[in-house]
Each structure stands twice: as structure tokens, then as C-alpha cells.
Amino acid sequence: AIIPPTYNFSADDQVADLLKAYLEPQGYQLRKVRLPEKLLAVRSGLAQYGKNNITYVKGMGSFHRPVVFISDFPCEADSWGEPKAIGQCEKCSACMKACPTDAIGSDRFLLHAERCLTFHNERANDFPEWLSPSWHNSLVGCMICQQVCPANKDVAKWIDAGAAFDREETALILNAVSDDRLPKETFAKLKKMDMMEYYDVLGRNLRAFIEQQV
Ligand code: SF4
Ligand code: SF4
């Protein structure tokens, strides 16, 4: 099962370490904060929106993860501006047609987030009745609108193999065995994949994914 790029949380620490190595010797501080990452990326000119409300960065498509850091480093440049969409969206509606849940509407630019698979499979609640089991495509989140997007054609093959889990490990995850009862190796693999953050929904999501494969 695929894990979308935006769940690569451990990259945040690597980026923070690189930035701190530059800033701290000069007496400046850096802190990671939770703010509306996609909106800030777009308004600060680092990214543009796609019709699927995901951010796109030149050379990376949507295969990146927006993170916000704040610092007391003096900054004179001001690239703040109105949100922009990528040019390809003008003559394209591939994501809209492919989205299984109709979350990308033609009535407005803002995603109908309450219909997005990601909204439902990141939470431990039961899936709503209207959500067809055949729509599950990722361990958590959803990749459909990114996979069909022509703006991702050069990055679509940026896929890491990730870890492999044997039958026993898979059974433990499917049965949602509590994380403190997982074998050390299994825990380490899930942690390395940044999936311990979503361990409470992993078994349910994996089961849904497997069931629609058979
Ligand atoms: S699939 Fe087409 S409409 Fe959707 S974000 Fe990509 S370029 Fe824009
Ligand atoms: S992530 Fe999936 S459900 Fe959400 S808008 Fe994209 S295709 Fe639709």
C-alpha cells in the first residue's frame, strides 16, 4: 500500500537540523510550528495550489511536504502574495474526474474536505456508509488526485520501497495489537515509515485496502 509523501514527518527533523546548523552558530533560533502549511507555502510564493487543493512546487510537483518553521533571523525579502493555482489547472480537470468521492467540486475552488478520503481514513471513527470500500488506495490518505495529475508526470516514479512486513507482523497490525505489544523490529519499521503517528487507524485502513484488492 502506498503512503503519500505528505506523511514523511521525519524529514522535518532533518530539515530543522540543517537550518539550525546554519542559524544557531549566528545566535538565531528556529522552531517548528503547526500553522496552515499549504496556505503559507502558497502565499509566500514557495508553492501554488492545484485544483485538488494540494500544493505544487516547481520540480517536485505535489511530491513534497510543506512544513512551517519560525525564526528570529532578520528577513527583508517579502514575497507575500495572493494564492495562485498552477497553470496546468486551466485546461485540466483530471483530478476532479478521478476523485472517487466528488470532493473536488466545480462549484468552488475549496475542496469539500468532508468528502475527502483522507479526512475519513486519518480518523478512528467508522467510515461513513456512502464511502465505497473500492476507493481505498493508500495506507493512510489518498493518492488518486496526485497520481492522475499531469503536473506530477516527472515525479510520479519517486516512490521508496519502504519496509516489508511478514504475515505475523501484518496480522498484529490488522488486529490493532497495542503498540507496546508489538515486536521491537515491527515497531522500529513502522516508526521509520512515520506510521506510528497513525497506528490507531492503521489496522482498519490496511484491512480495508486488502479487502478491496481480493
Ligand atoms: S489534475 Fe489537472 S486540474 Fe487537477 S491539480 Fe493537476 S493539473 Fe490541476
Ligand atoms: S485525496 Fe482522494 S478523496 Fe481527496 S480529493 Fe484527492 S482523490 Fe479525492
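Reader: How much of the chain is buried?
Author: Buried residues account for 36% of the 214 residues in the chain. Buried means under 20% relative accessible area, exposed means over 50%, and partly exposed lies in between, with a 1.4 Å probe and protein chains only.

Reader: On what basis are such values given?
Author: This is a predicted model, in which local features need pLDDT of at least 70 and side-chain atom pairs count only at pLDDT 80 or more, while totals for chains, interfaces and linings use all residues. Residues are numbered from 1 along each chain as its sequence is written, chains are lettered from A and ligands numbered from 1 in the order in which they are written, and side-chain values use heavy atoms, with hydrogens and water left out.

Reader: Which elements does the chain have, and in what order do they run?
Author: The chain has 8 helices and 4 strands. From the N terminus on, the order is α-β-α-β-β-β-α-α-α-α-α-α. Helices (H or I, at least four residues) and strands (E, at least two) are DSSP runs, numbered from the N terminus.

Reader: And what box do the C-alpha atoms fill?
Author: Along the principal axes, the C-alpha atoms fill a box of roughly 55 × 45 × 30 Å. The accessible surface of the chain is about 13,600 Å², and 54% of it belongs to carbon and sulfur atoms. Accessible areas come from the Shrake-Rupley method with a 1.4 Å probe, and for residues only the protein chains shown count as cover.

Reader: What does Y7 touch?
Author: Not counting residues up to four places away in sequence, Y7 touches T118, E122, V140, G141, D194, M195 and Y198. Contact here means heavy atoms within 4.5 Å.

Reader: D194 is on that list. Where is D194 found?
Author: D194 is in the loop between α7 (184-192) and α8. Its phi is near 60°, a positive value in a residue other than glycine. D194 counts as buried because its relative accessibility is 10%.

Reader: What is phi of N53?
Author: Phi of N53 is near 65°, again a positive value in a residue other than glycine. N53 is found in the loop between β2 (48-49) and β3 (55-56), and N53 counts as buried because its relative accessibility is 9%.

Reader: How many disulfides are there?
Author: A search of the whole structure finds 0 disulfides, a disulfide being a pair of cysteine sulfur atoms within 2.5 Å. C99 counts as buried at 13% relative accessibility, and C149 counts as buried at 12%.

Reader: What is H136 in contact with?
Author: Leaving aside neighbours within four places in sequence, H136 contacts L117, F127, L131, A208, F209 and Q212. H136 is placed in the loop between α4 (117-121) and α5 (144-147). With a relative accessible area of 7%, H136 is buried.

Reader: And D72: buried or partly exposed?
Author: D72 is partly exposed, because its relative accessible area is 44%. D72 lies in the loop between β4 (68-71) and α3 (94-98). Beyond its neighbours within four places in sequence, D72 is in contact with G27, Y28 and Q29. The C-alpha atoms of D72 and Y28 are separated by 5.9 Å, although these residues are 44 residues apart along the chain.
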